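Trainee: I am new to this structure and would be grateful for a close look at one part, the place where the two chains meet. Could you describe that part in detail and then set it in its surroundings?

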There are 2 protein chains.
Amino acid sequence: MAGVTIAVDANGADLGPAEVAAGAGIAAARGVRVLLFGPADELGEVAEGVEVVDAPVSIAKAPEPMAAARSTPQASVVQAVEAVADGRADAFVSGGATGAALAAALFRVKRATGIHRPALATPLPVPGHPVTLLDVGANAEVRPEHLVQFAFMGAALARVVLGVERPRVALLSNGEEAQRGTPLVQEAHAALAQRAARAGDALDFVGNVEGDDITAGAADVVVTDGFTGNVALKLMEGVSQTVLGAIRDRAMASPRAKAGGALLRPALRGLRDEIDPEGPGGAYLLGLRRLGVVPHGRFTRYGFSQAILLAARGVSGDIVGRTHQALEAAGALRARPPVDRSAPSPTVH
Amino acid sequence: MAGVTIAVDANGADLGPAEVAAGAGIAAARGVRVLLFGPADELGEVAEGVEVVDAPVSIAKAPEPMAAARSTPQASVVQAVEAVADGRADAFVSGGATGAALAAALFRVKRATGIHRPALATPLPVPGHPVTLLDVGANAEVRPEHLVQFAFMGAALARVVLGVERPRVALLSNGEEAQRGTPLVQEAHAALAQRAARAGDALDFVGNVEGDDITAGAADVVVTDGFTGNVALKLMEGVSQTVLGAIRDRAMASPRAKAGGALLRPALRGLRDEIDPEGPGGAYLLGLRRLGVVPHGRFTRYGFSQAILLAARGVSGDIVGRTHQALEAAGALRARPPVDRSAPSPTVH
């Protein structure tokens, strides 16, 4: 990852800009160059390899992110995205405000040709079964053709990042039968089945999966709208942390349990890391001309460092180029480019 | 629960009618009388307290449950619901096919006066925080006023079943701010905020919650559409079972870990029961003139016995009557009854 520069927005994190700066320092120590946009006087001491650009203005909490991104060129997230657009950096990482990052990216980096909507794709912290879930929050509302394209985007990502040759792709639904789900899912199911049959090795459409199939390894890629995906991602994190917490509590409940917990701890250490929500570093923002990564606003410095490293690995692996090629090869790009590719997406928020 | 009779449909369970019959036997041993509708020659030996009505016809897999319920009076689920409608039983339990049970119930038991749509409400297997989630699958698509009524239905249930005085009710969304979510959630948010302000102690509307807030105890009742709720419920089960399974695997990985696991096991036994998806017994089908319980089709006999006991407790506690009174007191019933209350709900499937 030598020679890769990541533009990072320090605003928007729940723990404040200094936590993001600390994460940038950890990533810089791993060889990534970081351009850090945020309030210089709130970033604390900054590590070598991190270059600060004073950008105190934040639109992370703006109720209308698209309007804010357009009218606030000095905002840290807009400047970070701008650095990617004009080639000073290779990819951007937001401080955690999805809406602001997506708005700034749509406005300054633009969608890639033939892409309906960008989507947030995240590797899920499932022990033993790497699963890619998308969309986890870029589009609260989608149309069937968006879900179809997300399926191909996710498959391309699984191929490029995880080396899965013919990714098994599923639609998330409330039943496995093709006629289950909302009209959106039903239509997407029919369209995707038709497209997948002609797409050769690009993907293997395995139909609908239910919530519990996600963790059972029934598919390599699970496709859903950004509302359901966001609820699902956060719920997974909540449940795994709650179960681990309950086990920890019970392992303190008696001397016998304490002794057992102490003996078991080394064996469980790897598992805790495997299901740590901060481990994956957040979600890739796919479908733009350059790469973005959106971590959770609640991440600590560890999560932000992972987000920056995720972005750097994505640049090294040319995720944007290879995903786009894969979409093109599968015939999954839309035929005509939109009239105005910088038009705001109505569901960004 | 003496004197309570539950009508049980033995068809539709993944493990077959005999598994449901075995569950009925367990419940009968706890004092519940069971009328069991299913294929008599596939039920195995039936315990005392269980009366079999031979009903081999199943519509559990019918692609159009509403049409099947109307045209197949001999179907086991229709007969079970009929037994409740004509007073031979106090509540019904389905063998696991939600669509067929809902269709039969709408057709034979009918909606209660002033109810837009029945909803499936389930106590979630969250350690330490009893949370009621609805709808978990009766309505894949809803309108804002349905979610508002679900909020009051869930609050009434939490009050009656869990004794929560002023239940904290939340809408499930992809962000906590009032403007987050789909247009459906945004409209429901505004409408519920207005209604809750006038509803006194019926409920305390705490706004939107995200996926991970469900397990964090942020609300006593979480309201969502049946698509999202079904995905969420199954995902929770999948994640908790996956985490427990991963811990079990790791506790077998070395002699040291094995010794630790053995010492810890008794302390974890209660937890395993607490997060067992079969523990709650399934979901209450609320909003009908009589009570129904819908377990998962994948349950074992233990889960079906829990479902029957859940139904029996619901009858003893007069959940239908008390929930309806609570909705009436809160002004949450719709003003005029529908023209034809037996009209099929278009989203039942």
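Mentor: Two residues are taken to be in contact if their C-beta atoms, placed from the backbone, lie within 7 Å. Please keep in mind that this is a predicted model. By that criterion, 54 residues of chain A are in contact with 54 residues of chain B. On the side of chain A that touches chain B, the elements that give two or more residues are helix H7 (211-215), H8 and helix H9 (255-274) of chain A. Of these, H8(A) gives the most, with 20 residues. By class, the residues on this side of chain A divide into 28 nonpolar, 18 polar and 8 charged.

In general, two packed helices are described by the angle between their axes and the distance between the axes. Here helix H8 (residues 226-250) of chain A and helix H9 (residues 255-274) of chain B have axes that come within 9 Å and cross at roughly 145°. The crossing of H8(A) with H9(B) is right-handed. On the H8(A) side, the residues that meet the partner are Ala246(A), Ile247(A) and Arg250(A), and on the H9(B) side they are Ala267(B), Leu268(B) and Leu271(B). This contact of H8(A) with H9(B) has 5 nonpolar residues, no polar residues and 1 charged residue.

The surroundings may now be considered, beginning with chain A. Its secondary structure comes to 11 helices and 11 strands. The C-alpha atoms of chain A fill a box of roughly 60 × 55 × 35 Å along the principal axes. The radius of gyration of chain A is 20 Å, which agrees with a compact globule of 349 residues, because such a globule would have a value near 20 Å. Of the 349 residues of chain A, 62% count as buried. Among contacts in chain A between residues at least 6 apart in sequence, 71% join residues at least 24 apart.

Met66(A) counts as buried because it has 21 C-beta neighbours inside 10 Å. Its C-alpha atom is separated by 8.4 Å from that of Leu102(A), 36 residues apart along the chain.

Finally, the largest nonpolar core has 264 residues, and those with the most contacts inside it are Ile6, Val8 and Ile308 of chain A together with Ile6, Val8 and Ile308 of chain B. Leaving aside neighbours within four places in sequence, Ile308(B) is in contact with residues including Ile6(B), Val8(B), Gly23(B) and Val93(B).

Technical notes. Residues numbered from 1 in each chain as written. Chains lettered and ligands numbered in written order. Predicted model: local features only at pLDDT ≥ 70, side-chain atom pairs only at ≥ 80, totals over all residues. Core = buried A, V, L, I, M, F, W, Y, C linked by C-beta atoms within 7 Å. Buried ≥ 20, exposed ≤ 12 C-beta atoms within 10 Å, placed from the backbone. Helix = DSSP H or I, 4+ residues; strand = E, 2+ residues; numbered from the N terminus. Rg over C-alpha atoms; globule rule 2.2 N^0.38 Å. Axes fitted to C-alpha atoms, helices over the stretch in contact; angles between N-to-C directions. Left-handed = near helix turned anticlockwise from the far one by under 90°. Nonpolar A, V, L, I, M, F, W, Y, C, P; charged D, E, K, R; others polar.
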